Amino acid sequence: MLNDYLTSDTIKFAENVDGWRDAITQVTAPLLSSGSITPAYVDAVTASIAAGGVYIDLGFGIALAHSRPEHGVLQTGLSSLRVTPAVLLNDDPAHPIDLFFCLAATDQQSHLKTMMELAKLLSDDELRTRLLAATTPAETSTVIEENGTQE
Amino acid sequence: MVHMNIDKVLKELGVSGIDVDHADLGSVARGDADAVFVGRDIAEAAENLGDLVVLNSIIDINELRTKVRATLERKGVTVPEVGVGA
């Protein structure tokens, strides 16, 4: 479940973030300190975006930062960072991002399951709007729990 | 994510018998699919893959519903009126 991963330790908020690289540093920090990823994973995510990998922009100002399991994932993990104001992904004006997620998956199986839950959450107009409006980890957690109880 | 959301939209539209798969750009060739749905950022790189449908957002169900429906109609697949707006 998403709320096993997205907790008060991994749901973050930041103001006046110094560009997308700083946002990646901040969204990966909880996964680094929990031992979910190694610094190599942060480097891989950053390099991928710098190489033009703006496909992690899902739309609605939400980006899903991730790389491959072999690039430094030790344990499956997920974190989020709400930035105010938005930052431009790869400094590209076409990709302003308000909410970053960082997904670290140890294998395709756990990757798929987490992605499915995240896809369900982010594709729901009402839940997505509330997720973007959340200002505390508790508010974010409430939205995630509702996602888990639907269907 | 697009794969999962297309499955969801097809179910909503009441259309069955459509095979949906996902792949990275390097492993799909022209003719592999009747229609190829891609995010806007890889539209240019994917333009030779055949009937291309470009999505502004991969989590916008409304956009996807409109474009999947249009694609089905273009391909001559009947979309039942039941389930519209569901």
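Predicted model: local features only at pLDDT ≥ 70, side-chain atom pairs only at ≥ 80, totals over all residues.
Helices (H or I, at least four residues) and strands (E, at least two) are DSSP runs here, numbered from the N terminus. Residues are numbered from 1 along each chain as its sequence is written, while chains are lettered from A and ligands numbered from 1 in the order in which they are written.

Back to B:Ala43. Two residues are in contact if their C-beta atoms, placed from the backbone, lie within 7 Å. Not counting residues up to four places away in sequence, B:Ala43 touches B:Val38, B:Leu52 and B:Val54. A residue is buried if 20 or more other C-beta atoms lie within 10 Å of its own, exposed if 12 or fewer, and partly exposed in between. B:Ala43 has 13 C-beta neighbours inside 10 Å, so it counts as partly exposed. In the loop between α1 and β1 (36–39) of chain B you'll find B:Ala29, which is exposed because 11 other C-beta atoms lie within 10 Å.

Staying in chain B, look at how its helices α1 (residues 2–13) and α2 (residues 61–74) pack: the angle is about 65 degrees and the axes are 10 Å apart. Those axes are lines fitted to C-alpha atoms over the stretch in contact, with angles running from 0 to 180 degrees between N-to-C directions. On the α1(B) side the contact is made by B:Asn5, B:Ile6, B:Val9, B:Leu10 and B:Leu13, and on the α2(B) side by B:Ile61, B:Leu64, B:Arg65, B:Val68 and B:Arg69. Sorted by class, that's 7 nonpolar, 1 polar and 2 charged. For the classes, Ala, Val, Leu, Ile, Met, Phe, Trp, Tyr, Cys and Pro count as nonpolar, Asp, Glu, Lys and Arg as charged, and the others, Gly among them, as polar.

Now for where the chains meet. The contact takes 10 residues from chain A and 12 residues from chain B. On the chain A side, β2 (57–59) and α4 (108–122) each give two or more residues, and α4(A) has the largest share, with 4 residues. That side of chain A has 8 nonpolar, 2 polar and no charged residues. Buried residues of α4(A) are A:Thr114, A:Leu118, A:Ala119, A:Lys120, A:Leu121 and A:Leu122.

Next, the interior. A nonpolar core is a set of buried Ala, Val, Leu, Ile, Met, Phe, Trp, Tyr and Cys residues joined through C-beta atoms within 7 Å. The largest one has 45 residues, and those with the most contacts inside it include A:Ala23, A:Phe100 and A:Cys102. Its largest share, 7 residues, comes from β5(A). Leaving aside neighbours within four places in sequence, A:Ala23 is in contact with A:Val17, A:Leu81, A:Val83, A:Val87 and A:Phe100.

Finally, some backbone details in chain A. The peptide bond from A:Thr84 to A:Pro85 is cis, with omega near -5 degrees, and A:Pro85 lies in strand β4. A:Asn16 isn't a glycine, yet its phi is positive, at about 50 degrees. A:Asn16 belongs to the loop between β1 (11–15) and α2, and it is exposed because 9 other C-beta atoms lie within 10 Å.
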